[in-house]
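Here is a note for a colleague who is meeting this structure for the first time. Please read the numbered points with the model open beside them.

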Amino acid sequence: AFYRQLLERVSALPGVEAAGAINHLPLSGDVWTNDVAVEGRPEAPPDRVPSAVIRVIQPGYLPAMRIQLHAGRDFTDRDDEKASKVAIVNETMARHLWPDENPIGRHVRWSRNRNDWLTVVGVIRDVRQYEWAGQIQNEMYQPLAQSAAWSSMTLVIRTAQQPLALAGAVEAEIRAMDHDLPLSHVSSMEQVVANAVW
């Protein structure tokens, strides 16, 4: 609820074109993976269990980062804790797990969550997550409202002006909601990329 309200406030600021949030920003050095299972498939042997990078996002993240949908749909505010659980996968995961099938409407789960099936609602273009020249991994995205284990998120804002010129206004919105909330690592995406490839 906090991030939903914050994004509404930030999106209303002059110059903001899109805003969202993610648990681990691409090229920031954070990549968490977990084993996955596909509904209707026999359990794979231990050395061949598929895995995927875990990504948790708020609606608005994909347009803010200009990540294109290949098929299906983006998350919306209707994908909340009361709705059926959904997922978006990248092209690599779709190709690995459903090579000759349409992944939209298929069910997948994290192996640790035995009965927690997620319905694939979208497929996005691959994104460089860990390193610029590294191999693309399977990635599965979930909406934050359906993955409450994440308390720390990175706010992502696309603006028509100089990115860091907006930082003060964004910080003021955060402080208005919670004056004691820690805020750190304010930077432009250009700086994030530069740090990843220097």
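Predicted model: local features only at pLDDT ≥ 70, side-chain atom pairs only at ≥ 80, totals over all residues.

1. Residues are numbered from 1 along each chain as its sequence is written, and side-chain values use heavy atoms, with hydrogens and water left out.

2. On the helix pair: two packed helices are described by the angle between their axes and the distance between the axes. Helix α1 (residues 2-11) packs with helix α4 (residues 167-177) at an angle of about 140 degrees, and their axes are 10 Å apart. Helices (H or I, at least four residues) and strands (E, at least two) are DSSP runs, numbered from the N terminus; axes are lines fitted to C-alpha atoms, for helices over the stretch in contact, and angles run from 0 to 180 degrees between N-to-C directions. The helices α1 and α4 are therefore oblique to each other, given that angles under 35 degrees count as roughly parallel, over 145 as roughly antiparallel, 65 to 115 as roughly perpendicular and the rest as oblique. The crossing of α1 and α4 is right-handed (a crossing is left-handed if the near helix is turned anticlockwise from the far one by less than a right angle, and right-handed if clockwise).

3. On the residues between these helices: α1 contributes Phe-2, Gln-5, Leu-6, Arg-9 and Val-10 to the contact, and α4 contributes Val-170, Glu-173, Ile-174, Ala-176 and Met-177, where contact means heavy atoms within 4.5 Å. The residues of this contact of α1 with α4 divide into seven nonpolar, one polar and two charged (Ala, Val, Leu, Ile, Met, Phe, Trp, Tyr, Cys and Pro count as nonpolar, Asp, Glu, Lys and Arg as charged, and the others, Gly among them, as polar).

4. On aromatic rings: how many aromatic pairs does the structure hold? It holds one, formed by Phe-2 and Tyr-3, which is edge-to-face, with 5.4 Å centre to centre and 85 degrees between the planes. Rings of Phe, Tyr and Trp (its six-membered ring) pair if their centres lie within 6.5 Å, and planes under 30 degrees apart count as stacked, over 60 as edge-to-face and the rest as tilted. Phe-2 is partly exposed, with a relative accessible area of 27%, whereas Tyr-3 is buried, at 18%; buried means under 20% relative accessible area, exposed over 50%, and partly exposed in between (1.4 Å probe, protein chains only).

5. On backbone angles: most residues other than glycine have a negative phi. Arg-66, in the loop between α2 (61-65) and β4 (69-72), has a positive phi near 55 degrees and is exposed, with a relative accessible area of 60%. His-185, in the loop between α4 and α5 (189-197), also has a positive phi, near 55 degrees, and is exposed at 78%.

6. On buried residues in these loops: Ile-67 lies in the loop between α2 and β4 and counts as buried at 13% relative accessibility. Leaving aside neighbours within four places in sequence, Ile-67 is in contact with Tyr-61, Leu-62, Ile-124, Arg-125 and Val-127.

7. Val-108 and Val-38 are 70 residues apart in sequence and 4.5 Å apart in space, C-alpha to C-alpha; not counting residues up to four places away in sequence, Val-108 touches residues including Val-38, Trp-98, Trp-117 and Met-140. Thr-159, in strand β9 (residues 154-159), counts as buried at 16% and, not counting residues up to four places away, touches Gly-15, Val-16, Glu-17 and Leu-166.

8. On a further loop: is Ser-151 buried or exposed? Ser-151 lies in the loop between β8 (139-143) and β9 and counts as exposed at 65% relative accessibility.
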